[in-house]
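Thanks for coming. Please have the sequence and the structure open.

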Amino acid sequence: VMSDMNFRVNRGELVSLLGPSGCGKSTLLRIVAGLLEADEGSVVLDGRDITRFPAHKRNVSVVFQNYALFPHLTVAENVAFGLRARGMAKGATGAPVAEALSLVRMTEFADRPIAALSGGQQQRVAVARALVVGPDLLLLDEPFSALDRKLRETMQVELKSLLLDRGITAIFVTHDQEEAMGVSDRIAVMNAGRIEQFADPSTLYARPTSPFVMDFVGLSTRITGMVAEQAGGTIIVDTPYGKLRARSDAAVGTRVLLGVRPELISVGAGENTISARLVDVMVLGSKTVLHGAAQEDDRVLCELPGIRSGLTRGQEVTLGWGVEDTLAYEVAA
């Protein structure tokens, strides 16, 4: 499932494992939690090699995708479960449970049954149960996937603020790039069992190191072509849309993929210019997205701020952007 999987998370850091289904994200999380045993390698937490430790001795908490709450227990009893499992007397759990419920603003629900809670409330209970034991590491497996969009965004802000305030080290698993960008200090973009790039959100978006990362983290215009000239670290590429330039050391005759983020493209001429027929104009309130006709493996996108009138489907437009904004990747011919 995974190979050559080496990475380090710093104390107090929020890291996301981002990638498509089947890339190994949840498998890696379960290995760290002690729920799966790796064929080789080691897991080190706070200087301790915990590779052979059973899950209950790692001091690692997990918030599962379906929350895994106990329906026959109340909210308070669910939160106290980990403390009781560690041998704490029932009468001693009241104070830490109350503190944990206060952190997630669920104090008034302490005596409610789980079935009486909404999805967002259940997620808060799952987080409180994970935090009450004072874990060295918090693992979250798609924790927001069951929530609607508005609630998901609210919970992302609340949870990030809570973890940062408490100085908790956390690893998120998600396939949602917006979610990863919003909650993470750094993101490990995974593909086919490997980490393609591990960097902060700004670097991932502005300077992706591979076409996979460029496509998975945000949208982009993609244009393939052949290097026709190379001089001084700049290439001139023959494409179906004309000659385009980019910063690269790719040799003449190399097939390359050029990419540029759509918000860096404007209507009008630029250092790089193409002519495109609009196949769709999407007004999305805060922005207008133009989709241009493209070759089979290419994509032409332009994102303009605000609502733009006068642009219609079928219209021919000139799109331009800077050479410095053009990403270039060598690809197989």
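How much space lies in the largest cavity? About 30 Å³. Bear in mind that this is a predicted model. The count comes to one cavity of 30 Å³ or more.

The residues lining that cavity are Leu29, Arg30, Ala33, Leu35, Val62, Phe64 and Asp141. By class, five of them are nonpolar, two are charged and none is polar. Helix 1 gives the largest share of this lining, with three residues.

The largest pocket holds about 1200 Å³ of space. Its lining has 39 residues, and the closest to the centre are Phe7, Val32, Ser42, Val43 and Val44. Which elements give two or more residues to that lining? They are helix 1, residues 25-33, and strand 2, residues 44-45. Helix 1 again supplies the largest share, here four residues. As for the classes in the lining of the largest pocket, 18 residues are nonpolar, 11 are polar and 10 are charged.

The second largest pocket has about 560 Å³ of space. It is lined by 18 residues, and His56, Val60, Ser61, Val62 and Gly82 are the closest to its centre. At least two lining residues come from each of strand 4 (60-63), helix 2 (75-85) and helix 4 (119-131). In this lining, 12 residues are nonpolar, four are polar and two are charged.

Which of its residues are buried? Val97, Ala100 and Leu101 are. Viewed down the axis of helix 3, the buried residues fall within an arc of 95°, so they line one face of the helix.

What do the buried residues of helix 3 pack against? Their partners are helix 2 and helix 4. Both of those helices also turned up in the lining of the second largest pocket.

One backbone detail to finish. Just after helix 3, arginine 105 has a positive phi, at about 55°.

Note on methods:
Residues are numbered from 1 along each chain as its sequence is written. This is a predicted model: local features need pLDDT of at least 70, side-chain atom pairs count only at pLDDT 80 or more; totals for chains, interfaces and linings use all residues. Side-chain values use heavy atoms; hydrogens and water are left out. On a 1 Å grid over the protein atoms alone, a cavity is a set of points where a 1.4 Å probe fits but cannot get out, and a pocket is an open set with protein on both sides within 12 Å along at least five of seven lines; lining residues have an atom within 4 Å of a point. Grid points are joined across faces, edges and corners, and a volume is the space filled by probe spheres set on the points. Ala, Val, Leu, Ile, Met, Phe, Trp, Tyr, Cys and Pro count as nonpolar, Asp, Glu, Lys and Arg as charged, and the others, Gly among them, as polar. Buried means under 20% relative accessible area, exposed over 50%, partly exposed in between (1.4 Å probe, protein chains only). The arc is that of the directions from the helix axis to the C-beta atoms. Contact means heavy atoms within 4.5 Å.
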